[in-house]
Amino acid sequence: VPYLRCLADRKGLLIGTAVNDWALRSGDAPYQQILQKQFNVVVAENACKWGSLRPSRSVFDFTDADRIQQLAEDNKQKFRGHCLVWHNWNGNPEWLNRFHGSAQEKQALLEEHIGTVVRHFGGKIFAWDVVNEALEDQQPAPSCPALRKSIWSDIPDFIDLAFRRAHEAAPPSTQLFYNDYNVASCRGWSKPKADAMLHLVRGMLERGVPIHGVGFQLHTNTHANTSMLMDGIRENVRRYADLGIVVHMTEVDVPGGQWDHGKFHPLPADKWTDADRATQADIYGELLKICVEEPNVKAFLSWGFTDKYTWLPEDCPLPWDRQYGEKPAVKAMRRAL
Ligand code: XIL
């Protein structure tokens, strides 16, 4: 049976996964084997975030990030950078969450971070998620994108600024991405936020801001309306093609649980039926098929690959199970390639 990366190589496509620092350090042999054999691109699940790189305001610690980067290099895999600017309290260190400086001080801090981190990796990172999840979930007027309130949002034009600083610090070939969730499909419930992201990117291009790609996170679930989702993604991908913008599917996972009135109800391992597994497989396969068929979609990464290490531990979102058995999703991915 061919490895996914061999099939993807032939299509000129990147196929990959987020790497979990903890799984790596625990010396889990099957984890390392599948990681090495199946994928040609990886991203650090947490190791390149502020929370890992910045133990304190004056200290940068690249130990975990460098370990993952080195492993990727040894495995002849590309390394995606995730992420330079994020509002999230879990991803940011305590001292930053407590930081109450002025907008000018925050700007200086952000510029220092971007410059130092981007220069540290240089050409070892081929694509950076420069800004992650800056859009508000509700978009009353998508043609005028609403940004979420965060530690960074009082810095004037912080998104443009972040991309400009990243571009100055990176080798010219480095691709710079804006990454977000609920933005992949421009049909149905996700349309307003998807449209807002398109407007955001179009505005950046008009202002001459160096942006090359968008990341669709694609944390979805088995209850997604698959055909509407896929049609909406294709349509959206083509809107970005018209702008000359590349798309990466950056954080795909397909849990069995579902949202109901703002609350997520997980589907634990013993509750999955063959039909659930088939639906999950179908979604992985169909997403990958879009990557194969749409010329401006260049990468597909799932947010981990085994249910043993996932940020959604209860509901089995990944293609390999906890014992590293292949679920139907792996076969569907092979078929799509
Ligand atoms: C998640 C990690 O998987 C968790 O381990 C961590 O505690 C929080 O962040 N969107 C993103 C990712 O862009 O960085 C998030 O990763 C998942 C949602």
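Predicted model: local features only at pLDDT ≥ 70, side-chain atom pairs only at ≥ 80, totals over all residues.
**Confidence**

I checked the scores before anything else. The protein chain averages a pLDDT of 97, and 100% of the residues reach at least 70. For the complex, the predictor gives an ipTM of 0.99 and a pTM of 0.98.

**Overall build**

I then looked at the chain as a whole. I count 12 helices and 10 strands in its secondary structure. Along the principal axes, the C-alpha atoms fill a box of roughly 55 × 45 × 40 Å. The radius of gyration is 19 Å; a compact globule of 337 residues would come out near 20 Å, so the chain agrees with that expectation. Buried residues account for 46% of the 337. I also looked at contacts between residues at least 6 apart in sequence: 77% of them join residues at least 24 apart.

**Core**

Which residues have the most contacts inside the largest nonpolar core? I get V130, A162, A166, L287 and F300, in a core of 99 residues. I followed up V130. Leaving out residues up to four places away in sequence, V130 touches L84, V85, A162, F163, A166, L176, F177 and Y178.

H82 and C83 are joined by a cis peptide bond, with omega at about -5°. C83 sits in strand β3, residues 78-86.

L218 is not a glycine, yet its phi is positive, about 65°. I place L218 in the loop between β6 (213-216) and α10 (226-242). Is L218 buried or exposed? L218 is buried, because 26 other C-beta atoms lie within 10 Å.

C316 is another non-glycine residue with a positive phi, near 50°. C316 belongs to the loop between β10 (297-302) and α12 (328-336). Since C316 has 27 C-beta neighbours inside 10 Å, I log C316 as buried.

**Two more residues**

L135 lies in the loop between β4 (127-132) and α8 (158-169). L135 is buried too, with 25 other C-beta atoms within 10 Å. Setting aside neighbours within four places in sequence, I find L135 in contact with P145, L147, R148, D180, K193, A196, M197 and L200. I also took a distance to I290: L135 and I290 are 155 residues apart in sequence, and their C-alpha atoms are 25 Å apart.

M204 is in helix α9, residues 191-206. Why does M204 count as buried? M204 has 20 C-beta neighbours inside 10 Å, and 20 or more is what the cut-off asks for. Beyond neighbours within four places in sequence, M204 contacts D160, F163, V209 and I211. Last entry: M204 and G16 are 188 residues apart in sequence and 28 Å apart from C-alpha to C-alpha.

Terms used: Residues numbered from 1 in each chain as written. Core = buried A, V, L, I, M, F, W, Y, C linked by C-beta atoms within 7 Å. Buried ≥ 20, exposed ≤ 12 C-beta atoms within 10 Å, placed from the backbone. Contact = placed C-beta atoms within 7 Å. pLDDT = per-residue confidence, 0-100. Helix = DSSP H or I, 4+ residues; strand = E, 2+ residues; numbered from the N terminus. Rg over C-alpha atoms; globule rule 2.2 N^0.38 Å.
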